[in-house]
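Subject: Structure handover

Hello,

Please find the structure below. My notes on what was found in it follow.

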Amino acid sequence: MRELLRKYRPLLLGTCLVLAALLLYSNNLRRKDHTSVFEQMALIVTAPLLKGIDQLVAQTQALWGNYVWLVEAAQENAQLREENFLLKAELENLREIRLANERLRQLLEFKDELVLSAVPARVIAVDASSWSRTVLLDKGTRSGVREGMAVVTAAGVVGRVIKAAPGESRVLLITDAASAVATLVQRTRTRGVCRGRGDMLTLDFALRQEDIQVGDRLVTSGTGGVFPKGLLVGEVVRVTRGDYGLFQTVEVAPAADFSRLEEVLVLVEEQP
């Protein structure tokens with residue numbers, strides 16, 4: 001291409017000069033009253049060129065206008081995306097507040113039903129190790145929380161306080177293997193002890209001849225010295241009776257949902 005331009009450079013230069021002269025001449029025609037033959041020829045020759053220049057200018061203006069519109073549209077789109085993100089975050093925050101208010105309302109209604117005084121607390125940490133199942137609360141001895149106190153939710157028993165500091169306390173969940181809760185089968189009043197088995201519970205010391213069925217609800221018996229009588233512990237999901245042996249095997253699903261534990265009540269003892 002460069003060789004071609006170099007080869008025909010004189011011809012191209014001459015053509016450009018002629019066209020420029022014709023354009024200049026054509027532009028000056030407006031100042032004259034009469035048109036000569038030569039001037040008419042100049043008009044005929046330069047008319048297509050002037051038309052092409054006009055079209056080129058019009059297309060350039062249109063392209064520039066579209067470019068400016070696209071830039072403004074992109075900026076507006078980015079601003080709308082940012083506003084949409086902020087609105088979604090605000091909506092999610094409002095949804096969390098609504099759910100927290102709903103849980104607190106249920107907890108306060110349950111607190112009103114309790115005879116004992118209760119301290120509301122929030123779960124601020126969960127022990128995720130397989131060695132123990134505990135949670136950390138944001139209330140401690142400054143709020144009246146002491147070791148051995150029962151911890152519950154509106155759904156059922158959660159556990160008992162095993163460590164208490166001024167501002168925090170640690171709770172051993174009833175699903176921990178070291179936990180034991182004296183219970184009653186609500187329908188038949190059969191006694192037993194619920195022990196933790198990971199995410200589930202087992203009812204120990206239930207005699208084989210006792211009538212225990214799937215769906216039976218277990219409540220605290222009030223004889224363990226920690227939990228008051230009548231708190232819901234869980235529901236029987238499986239019963240196995242062997243041909244031999246003194247006891248039957250009873251599997252229980254805890255009433256409290258430990259995977260969604262956020263607010264709890266610590267049942268505090270009134271100081272004499």
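Phe205 is partly exposed, with a relative accessible area of 47%. The model is a predicted one, and this holds for everything that follows. Phe205 sits in the loop between β8 and β9. The backbone there has a positive phi of about 65°, although Phe205 is not a glycine.

The ring of Phe205 also belongs to an aromatic pair. Its partner is Phe247: the two ring centres are 5.9 Å apart and the planes stand at 80°, so the pair is edge-to-face. The angle qualifies because planes over 60 degrees apart count as edge-to-face. Phe205 is in the loop between β8 (200-204) and β9 (217-220), whereas Phe247 is in the loop between β10 (232-240) and β11 (249-254), so the pair ties together parts that are 42 residues apart in sequence. Phe247 is partly exposed as well, at a relative accessible area of 37%.

Leu246 is also in the loop between β10 and β11. With 54% relative accessibility, Leu246 counts as exposed, because the cut-off for exposed is over 50%. Apart from residues up to four places away in sequence, Leu246 touches Leu207 and Arg208. The C-alpha atoms of Leu246 and Arg208 are separated by 5.8 Å, and the two residues are 38 residues apart along the chain.

The count of aromatic pairs comes to two. The other one joins Trp64 and Tyr67, whose ring centres are 5.6 Å apart with planes at 35°, so this pair is tilted. Trp64 and Tyr67 are three residues apart in helix α3 (residues 37-113), which puts about one helical turn between them. Trp64 counts as exposed, at 57% relative accessibility.

Next, a buried position. Thr183 is part of strand β6 (residues 180-185), and its relative accessible area is 1%, which makes Thr183 buried. The cut-off for buried is under 20%. Beyond its neighbours within four places in sequence, Thr183 is in contact with Thr190, Arg191, Gly192, Val193 and Cys194, and also with Leu203, Leu218, Val219, Thr220, Ser221 and Val233.

Arg189 is in the loop between β6 and β7 (191-197). Arg189 has a positive phi of about 65° and is not a glycine; a phi of about 65° was noted above for Phe205 too. Arg189 counts as partly exposed, at 43% relative accessibility.

Arg133 lies between β1 (117-126) and β2 (134-137), and at 31% relative accessibility Arg133 counts as partly exposed. Neighbours within four places in sequence aside, its contacts are Val171, Leu172, Leu173, Thr175, Asp176, Gly198 and Asp199. The C-alpha atoms of Arg133 and Val236 are separated by 21 Å, with the two residues 103 residues apart along the chain.

Now the protein as a whole. What does it contain in the way of helices and strands? There are three helices and twelve strands. How does its radius of gyration stand against that of a compact globule of 272 residues? Such a globule would have a radius of gyration near 19 Å, but the protein has 43 Å. Along the principal axes, the C-alpha atoms fill a box of roughly 130 × 50 × 35 Å.

Of the 272 residues, 28% are buried; Thr183, at 1%, is one of the buried residues. The accessible surface of the protein is about 18200 Å², and carbon and sulfur atoms hold 57% of that. Among contacts with a separation of 6 or more, 55% are between residues 24 or more positions apart.

As for charge, the protein carries 34 positive and 33 negative side chains. The centres of these two sets lie 6 Å apart.

Regards

Conventions. Residues numbered from 1 in each chain as written. Predicted model: local features only at pLDDT ≥ 70, side-chain atom pairs only at ≥ 80, totals over all residues. Heavy atoms only, no water. Helix = DSSP H or I, 4+ residues; strand = E, 2+ residues; numbered from the N terminus. Rg over C-alpha atoms; globule rule 2.2 N^0.38 Å. Buried < 20%, exposed > 50% of the residue type's maximum accessible area, 1.4 Å probe, protein only. Contact = heavy atoms within 4.5 Å. Areas by Shrake-Rupley, 256 points an atom, 1.4 Å probe, with all protein chains shown as cover. Lys, Arg positive; Asp, Glu negative; His and termini not counted. Charge placed at Lys NZ, Arg CZ, Asp CG, Glu CD. Phe/Tyr/Trp six-rings, centres within 6.5 Å; stacked < 30°, edge-to-face > 60°.
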